[in-house]
Structures are given as structure tokens and as C-alpha cells.
Amino acid sequence: MSTPEISDEALEQAARWFALLGADNVSEEDRAHWRQWLNASAGNQRAWDRVGRIDRAFHAMPVKSAGDILSDAGRRRRRLLRGLGGGLLLAPLGWWGWRQLPAGLGWADLRTAVGEIREVTLPDGSRLWLNTHSAVSLDFSAADRQLHLWAGELYLQTARDVRPMRVTTALGSAAPLGTAFGVRLTEENLRVRVDRGRVAVNAAVGDAGEWLVEAGQGVVVDGEGRLERIRPSAEENAWRDRLLVANGRRLGDFLDELARYRHGVLRYDPSVADLKLSGGFPLDDTDRILQVLEATLPVKVTRLTPWWVKVESASR
């Protein structure tokens, strides 16, 4: 039997209670009101349990060393990782309380933590970038070069090599034809953008067939095997320069993107979602980005806990 969903409202209330009860001046009246709220519904109790797990995980993020990962992996992976050079530090698997890790993620050869962006030179000379909270497996043989993106986002500049290359995901695959391109996998869809050359894209299900995507174009593949052509913006590649760029972008969309680079929860009130902003924001300090938003837009940033932040209208 599946676990019932927990509403956003209950989670936010739980976070508020968590912050209140963690303060030095909490009163018995506060505790009584909290117990009343907690016992009001099973949903509140589940929300409280979940917020507690997030807090524990936030303060005890497990770090899995490169040595641990190598000991877990097979001989092929050990050979491959040695070939990547000593400059590569494998990131921890990470905690991420309520986000379920995709099946098979434990097999990933390369990972990035939340907020981490990493560039790697592959054994064939191709350059690979991994965006925040991403994981990829590599399988290079004498016949071909395979990458499997388990989660997150990658960007590839392929090297000249007679062996074919293919990036596979749970929702589809992308086969570059001498190119530079990006692949992003979310729970809803697979997004491929091409900057140079061409990429052949296939859905994992359905009968849509192979779509050729030219430079300057992109395609989105959903879970039903439907493909849609898109015109990606130049802003989407700024993450490789550790920047989040907005050019008249909706604040809600900007904050959704910013949340990918932060631990914990970043929420916003619908009343501020349609505010527009422009600029380039360094991703090295996401708290600083929130401070800039608060100084330049009619919003206020409320920190219920270090890991639960909400952006609201300044007039509230």
C-alpha cells in the first residue's frame, strides 16, 4: 500500500512548529498548541515526522568517500575511474530527505552533490559537465561509448572518435553526431538541447521513432513517449559558468531553478511568482542571491529554519 501524500500546507506548518519549538523561549502554552496541532490529523503527524527526518539528515549529511565508492563498484568501474585522473572527487550520494533516489542510482560512477557543478575529461577526450545533484554511469568499450544519466543534468562536448556515443535515461536516449549538447532529466520529462552538430533523440516508450535535433534546437520527451520540439534559450547553459541568468524571467520560475542548488526547501507565495527580474546571479552563494532579491524586488525572505525558506510579498 502506498504512503499517503503529505500536503504542502501541513509541511509548512510542521516547519513553523519545528522552528518555534527549537527556540530558547518556547512556552508551555506553545507546546500545548503544538500537541493540539499534531494530534489534529494523521497528515500533521506524517508532516512532523518528515520534517524531523529532514532536519536530522541536514545536520548529518553522510559523505561517501571515493574509496568507499570504488570498493562498491566493479572492476570495470575501477579501471574507468583511474582513467579519469586524480583531479576528480566523487561527490557524496547525499541525503535529500523526501526526494526518492531513482532506482539504480547507486551504480553511478560520477555524482555531484546539491549545489555542486563539476567538469570532467572523459577517457576519449570528451568534456563532460555535471550540474547540481546529478549522477551518471559510464560504459566505454572497444565498440561504443555509453553514458547513462540516472538523475540531474549533463552537458557534453564530444571528442573525435570512431566509436558511437549514446546518452541513455529512463525516458529516452540521445545519440550525438559530433556535437555539443545538454541533457536534463526530471521526474516529468527528458530535455535535450543542441548547440553544435546534430543529436538523434529516441523515446524509451511509444512509436514516435527517431528525431534529429539540429544546432539551436531542442526536444522534450515525456513519460508517455511524446516528443515536442522547443527553442532553448541561451540562459540554460549559464550553469556551466556557475551562473543563474534571468532575462525578464518570472520570479517563480527563477526560484524553482534556484531551489535545485540549495539544500532544504525553498518556497514562494503565488502572489510574487509573476514578478520579473533580470541579471546574472553567481551560484556559489545562493543565500546571497536571496538577499539581492529581497533588496531589489518587493519581497521578503522568511527563514523558518536554515533549511526551510519562503519568499513572500513584502507587504504581507
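Trainee: Which strands does H7 lie across, and at about what angle does it run to E17?

Mentor: This is a predicted model, where local features need pLDDT of at least 70 and side-chain atom pairs count only at pLDDT 80 or more, while totals for chains, interfaces and linings use all residues. Residues are numbered from 1 along each chain as its sequence is written, and side-chain values use heavy atoms, leaving out hydrogens and water. Helices (H or I, at least four residues) and strands (E, at least two) are DSSP runs, numbered from the N terminus. Angles run from 0 to 180 degrees between N-to-C directions, with axes fitted to C-alpha atoms, for helices over the stretch in contact. Here, H7 lies across E15, E17 and E18, and runs at about 140° to E17.

Trainee: Which residues of H7 are buried?

Mentor: Buried means under 20% relative accessible area, with exposed over 50% and partly exposed in between (1.4 Å probe, protein chains only). In H7, residues 286-296, the buried ones are Thr286, Ile289, Leu290 and Leu293. They line one face of the helix, because they fall within an arc of 100° seen down its axis; the arc is taken from the directions from the helix axis to the C-beta atoms.

Trainee: What do those buried residues pack against?

Mentor: Contact means heavy atoms within 4.5 Å. The buried residues of H7 pack against helix H6 (251-259) and strands E15 (265-268), E16 (276-282), E17 (299-305) and E18 (308-313).

Trainee: How do I read the sheet, and what is its strand order?

Mentor: Strands of a sheet pair through backbone hydrogen bonds, either parallel or antiparallel. Two strands count as paired if DSSP finds at least two bridges between them. This open sheet has three strands in the order E15-E18-E17, with mixed pairing. E15 and E17 are its edge strands, each pairing on one side only. From one strand to the next, the twist averages 20°. E17 and E18 pair in the antiparallel sense over six bridges, and Thr302 stands opposite Lys310 in E18. H6 packs on the sheet too, touching E15, E17 and E18, and its direction makes about 175° with that of E15.

Trainee: Is Leu244 buried or exposed?

Mentor: Leu244, in strand E14 (residues 243-250), has a relative accessible area of 5%, so it counts as buried. Leaving aside residues up to four places away in sequence, Leu244 touches Arg249, Phe254, Glu257, Leu258, Gly279, Gly280, Phe281 and Leu283. Leu244 and Glu257 are 13 residues apart in sequence, and 8.2 Å apart in space, C-alpha to C-alpha.
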